[in-house]
Amino acid sequence: MDKPYGLLAELTYACPLKCGYCSNPLQLDDYRDELGTEEWKRVFAEAADLGVLQLHLSGGEPLQRHDIVELVRSANRLGLYTNLITSGLGLSRSRAAELREAGLDHVQLSIQSDEQPLSDHIAGTPSFARKQVVAKQVKDLGWPLTLNVVLHRLNIDRIAGIIAMAEAMNADRIELANTQYAGWAGINQPELLPSRGQLDHAEVVVREARERLEGSMEIIYVIPDYYSDYPKPCMDGWAARQFTVVPNGDALPCPAAHELAVGHGIPSANVREHSLGWIWDQAPLFQAFRGDSWMPDPCRSCERKEIDFGGCRCQAFALTGDAARTDPVCHLSPDHGLIEAAVATANDPGRPAGGILIPRATIGRPNRAMTVQPRRTTSTPVRLSPTMLRDKP
């Protein structure tokens, strides 16, 4: 394939939740000049012409867009398979019916935990009860339901209860994906990374649940990169299969590439200035790490270079300041000590039990907690000003 099959359309970064693991950019106000309805319709049409088949409508919270029904209807007419990725807040019964009539194909509902106090604590706002109602609405309207649970230190011990809750909701699929440390999750990584013991327990629970529920509910389980010997094939390779368009129209090869482009002085590619076809084929950002000619050793001479494509460029940049470095997750990376140090901290018996997460900010409202300094390092962990970071599902 030389054309993309998936588009992640981040319609807005407005969101009623304040999850500390959110991968949205830290500087949310930079994205307030959102694409209008007709602009998004043009993007969808160009995506379809480019070969895109799947359209994932996300945010923030896509239901914050008053034109969401019109956007779904437009995408449906183009023959795109539409997936709404939502917290459920804002999905009233009447709006759900409108979306169903407009042709929405699938709903992916985020869940923070199976217990209301913990769930609402992680979300930063009361939302657990509403999610239960929304899950029922989704099934009543005949949609396939995927539950998306971002796992981390605070909720991974509840994994059995989370799976049981998914059963009770008649979910068709549940994604149990450990946190990717970008955006807000990046600055909260010390409080989010689970211990090896927590992961071992979770893997046993998932294995047993898969055997018991085979044929009735699909269970996807993704371990943290930090506990792998090799990095995951991020996005199936840079600008190879999928891409993202963010609220202000910037097109990215990966949802987390905002800060990487700025840090490397690569010009942005915006749909207000260029067609998607030009962006996909020619934009400097999309060309930067496509293929393997950019790779340093050990990636360049590694037999796995066409399997994991050197790992995650955004993770390499966040940890080392250089997106062309081998992903530090790889045990062959010269920067792997950074990962080993983080894992050692996560497994320290003296690690405090009740850490404080920096909540995701609200657009237009400064987050006073941002005086806490995020991570980025070159050889040994150092602390940098929060203005030097931005982001990343």
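Author: Let us begin with a single residue. This is a predicted model, and Leu199 has its place in helix H9, residues 196-213.

Reader: Is Leu199 buried or exposed?

Author: The general idea is to compare the relative accessibility with a cut-off, and buried means under 20%. Leu199 counts as buried because its relative accessibility is 3%.

Reader: Which residues is Leu199 in contact with, leaving aside its neighbours within four places in sequence?

Author: With those neighbours left aside, Leu199 is in contact with Ile156, Asn178, Pro194, Tyr221, Pro224 and Tyr227. Take Ile156 from that list: 43 residues along the chain lie between the positions of Leu199 and Ile156, yet their C-alpha atoms are separated by 7.7 Å.

Reader: How should I read a helix as a whole?

Author: An α-helix has 3.6 residues a turn, so residues three or four places apart point the same way. Consider helix H1, residues 37-50, where Trp40, Val43, Phe44, Ala47 and Leu50 are buried. Seen down the axis of H1, these buried residues fall within an arc of 120°, so they line one face of the helix. On the other side of H1, Glu38 and Asp49 are exposed.

Reader: What covers the buried residues of H1?

Author: The cover includes strand E1 (6-10), strand E2 (54-58), helix H2 (68-77), strand E8 (242-245) and helix H11 (276-282).

Reader: Which residues are buried in helix H4?

Author: In H4, residues 116-123, the buried residues are Leu118, Ser119, Asp120, Ile122 and Ala123. Helix H5 (128-140) is included in what covers them. Just after H4, Gly124 takes a positive phi of about 75°.

Reader: How does one look for empty space inside a model?

Author: Rolling a probe the size of a water molecule over the atoms shows where empty space is left. Here, the largest cavity holds about 90 Å³ of space.

Reader: Which residues line the largest cavity?

Author: Its lining consists of Tyr230, Pro231, Pro298, Cys299, Cys302, Arg304, Lys305, Asp308, Gly310, Thr326, Cys330 and Leu332. By class, the lining of this cavity has seven nonpolar, two polar and three charged residues.

How values were computed. Residues numbered from 1 in each chain as written. Predicted model: local features only at pLDDT ≥ 70, side-chain atom pairs only at ≥ 80, totals over all residues. Heavy atoms only, no water. 1 Å grid on protein atoms, 1.4 Å probe; cavity = no way out; pocket = protein on both sides within 12 Å on 5 of 7 lines; lining within 4 Å. Points joined across faces, edges and corners; volume = space filled by probe spheres on them. Nonpolar A, V, L, I, M, F, W, Y, C, P; charged D, E, K, R; others polar. Buried < 20%, exposed > 50% of the residue type's maximum accessible area, 1.4 Å probe, protein only. Helix = DSSP H or I, 4+ residues; strand = E, 2+ residues; numbered from the N terminus. Arc of directions from axis to C-beta. Contact = heavy atoms within 4.5 Å.
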